[in-house]
Number of protein chains: 2
Amino acid sequence: MSISLATSADPISAPKSHRDFLGAVAVLRALTESDFESVNREILTHMQSSVGLIPDLAGHLVNAGGKRIRPMLTLAAAHVFDYEGVDHVKLAAAVELIHGATLLHDDVVDESSLRRGAKTANVIWGNKESVLVGDYLFSRAFELMVAAGDLRVLQILSRASGIIAEGEVLQLATQKNIETTFEQYLDVVNAKTAALFASAAQSGALIGNCNEQQEDAMRCFARNFGIAYQLVDDALDYVGFEESLGKTVGDDFREGKMTLPIVYAVARSKPDEKAFWQRTISDGKQEPEDFETARAFMERDDAIVDTIACAKRHAEKSLNDISKVPANKYSSALAEMVETSVSRAS
Amino acid sequence: MSISLATSADPISAPKSHRDFLGAVAVLRALTESDFESVNREILTHMQSSVGLIPDLAGHLVNAGGKRIRPMLTLAAAHVFDYEGVDHVKLAAAVELIHGATLLHDDVVDESSLRRGAKTANVIWGNKESVLVGDYLFSRAFELMVAAGDLRVLQILSRASGIIAEGEVLQLATQKNIETTFEQYLDVVNAKTAALFASAAQSGALIGNCNEQQEDAMRCFARNFGIAYQLVDDALDYVGFEESLGKTVGDDFREGKMTLPIVYAVARSKPDEKAFWQRTISDGKQEPEDFETARAFMERDDAIVDTIACAKRHAEKSLNDISKVPANKYSSALAEMVETSVSRAS
């Protein structure tokens, strides 16, 4: 079984701003190309099992593509500090396996049926199977980390895994709850997305033998990038171009997910408009035209604009953080990825 | 929140043979009593979270009791080798948290509604919540292991976690499949139950600084004990005394679980009886009197007797294994637990 190296979107047909981001991702990918093949081999090796369902289901997930930003953070962070060993490959593969396990459980929890344009594993094989194969991948990720043999990294990545699970539980509690605040949503993003970004980069920097300030800078850089990245994704769920992006616009709205655009829109809605959010989000009773109405409210109240503005503030912090580590082609490529990630939605 | 130290069954009303086993467990518990309080504190600490649902759901599971055989294996194994540190407590708590995470996911996968006489977490809080809190406990278990700081132990326990997940997937594949063979079922038991028993004991022995032969002996002792223990449990699901045992007789039959009693019964059934197993297990169409019919077939064909005999063979191997480690009150208590565990069903 081979692992596709393609990104999930076609760079040619994507809008210019999104092409810039995919270009930056491609630059980073090219810089880490030989590592990346090793990462894919490690992932492939560690999703094998004599129990045939496991590689089938895991392979479906892994082959579905994705930009693999998390493992690239680990690889690039190690190279920022001129790391010359091989353990960054194991850690990058472990990070991607943790992410994969999370996606499998996520899709069960969200009852999702599509991911990156393909049927989800829970739809093809079933929820039980997705839960158990997720557990398997999670365990295999830990084995890989243990093989890398750095207790500080093990501590960081095991802590991140716990935080991700906490974030998922928190998100479950905010779902369909239109009282969700900005702070609560940021807590979810921090835990669900930014924690793994942060520890992926921090782990790479640590084995690259950085000093404490640099470790802190790499962690904060990736954490702020993770927040910015997630917020832009949330905005794109309302204003994206789905033909070129390979994602379905409106999923978050249909699932009643309280992302930042809705948090802002509800907070800014007029008293007589609350009933709309109550019906469509809290009660989950949606008519075909509701999504357009929601977008119109968001436009009027700057809900999308301000979501992007919030993403840009975190991107600026992220760029400031990365300016504190050695300037080289790896840190430049990381900075370029952050910069272009927030222009995706403009 | 306090953690109940009670075992799941009442020693007074249990039959004599089961009382002997509970007595052996109580002896082991008394020998490790002060450690045990520390283990409970570690478990309590590591199931905390600012996300309130997590300690609520985890507390429900943890307070439901159970004999806590797995963490006792770790504690006792360390003491067999005169270990005087504190890391065995962390490892024992990690082992119990892994077991707890597995139970949460197990109950979702099996769609169980009762465990140890109480409603399961998936029934009270929901499947999604059980999946995510299971993930949380699993991550916290790894953090505890990392805190213990022994890479060999980390390798053993992370490998065991992967094997457990593999075993669960394998069991899913055998469920309702009356073609399941003895070997396939033993594979399930080895992975689902015996792997964690084995690595729990091996981890304790390792930090106790045993030699390689002793490490091997402790691992094999606990693996064979785990198999014997599971097989007796499987038999008790057909012939147990539920008032005294605190477990519901007939659960495995109703769920179509291919445990050893059914594997033997199907293999030994007459050609015209296959339709009975096909209907009740494969098709899951059961009438109230079917359980008694199944038990009658099992009695006629020695399916229970031979399940117990198989358990006893593994118990003998287990006793032979433990005879290779230093003889002291800890190894004696472990041996006594193995011996009495297989007389539970006679």
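In the predicted model, helix 10 of chain B passes helix 16 of chain B in a left-handed crossing. Helix 10 spans residues 212-239 of chain B, and helix 16 spans residues 303-322. Their axes are 8 Å apart and meet at an angle of about 160°. An angle over 145 degrees counts as roughly antiparallel, so helix 10 of chain B is roughly antiparallel to helix 16 of chain B. The contact between helix 10 and helix 16 of chain B draws on 17 nonpolar residues. Four polar and three charged residues complete the contact of these two helices.

A second pair in chain B involves helix 5 and helix 7, the latter covering residues 127-148. The axes of helix 5 and helix 7 of chain B come within 8 Å, and they cross at roughly 165°. Helix 5 of chain B and helix 7 of chain B are therefore roughly antiparallel. Helix 5 of chain B passes helix 7 of chain B in a left-handed crossing. By class, their contact holds 17 nonpolar, five polar and four charged residues.

Helix 5 of chain B (residues 87-109) also packs with helix 4 of chain B (residues 69-80). Here the axes come within 8 Å and cross at roughly 160°. Helix 4 of chain B is therefore roughly antiparallel to helix 5 of chain B. The crossing of helix 4 and helix 5 of chain B is right-handed. On the helix 4 side, the contact residues are B:Arg70, B:Pro71, B:Thr74, B:Leu75 and B:Ala78. They meet B:His88, B:Leu91, B:Ala92, B:Ala93, B:Val95, B:Glu96 and B:His99 in helix 5 of chain B. Seven residues of this contact are nonpolar, three are polar and two are charged.

In chain A, the domain assignment gives domain 1 (15-149) and domain 2 (162-326). The C-alpha centres of the two domains of chain A lie 21 Å apart. Domain 1 of chain A puts 27 residues into the contact, and domain 2 of chain A puts in 24. On the domain 1 side, helix 4 (69-80) and helix 5 of chain A are the elements that give two or more residues. Helix 5 of chain A gives the most, with nine residues. The domain 1 side of this contact in chain A comprises 14 nonpolar, seven polar and six charged residues.

The contact between the chains takes 35 residues from chain A and 35 residues from chain B. On the chain A side, four helices each supply at least two residues: helix 3 (53-63), helix 5 (87-109), helix 7 (127-148) and helix 8 (151-174). Helix 8 of chain A provides the largest share, 14 residues. By class, the side of chain A that touches chain B has 19 nonpolar, eight polar and eight charged residues.

Terms used:
Residues are numbered from 1 along each chain as its sequence is written. Chains are lettered from A and ligands numbered from 1 in the order in which they are written. This is a predicted model: local features need pLDDT of at least 70, side-chain atom pairs count only at pLDDT 80 or more; totals for chains, interfaces and linings use all residues. Axes are lines fitted to C-alpha atoms, for helices over the stretch in contact, and angles run from 0 to 180 degrees between N-to-C directions. Angles under 35 degrees count as roughly parallel, over 145 as roughly antiparallel, 65 to 115 as roughly perpendicular and the rest as oblique. A crossing is left-handed if the near helix is turned anticlockwise from the far one by less than a right angle, and right-handed if clockwise. Ala, Val, Leu, Ile, Met, Phe, Trp, Tyr, Cys and Pro count as nonpolar, Asp, Glu, Lys and Arg as charged, and the others, Gly among them, as polar. Two residues are in contact if their C-beta atoms, placed from the backbone, lie within 7 Å. Domain bounds come from an automatic or database domain assignment.
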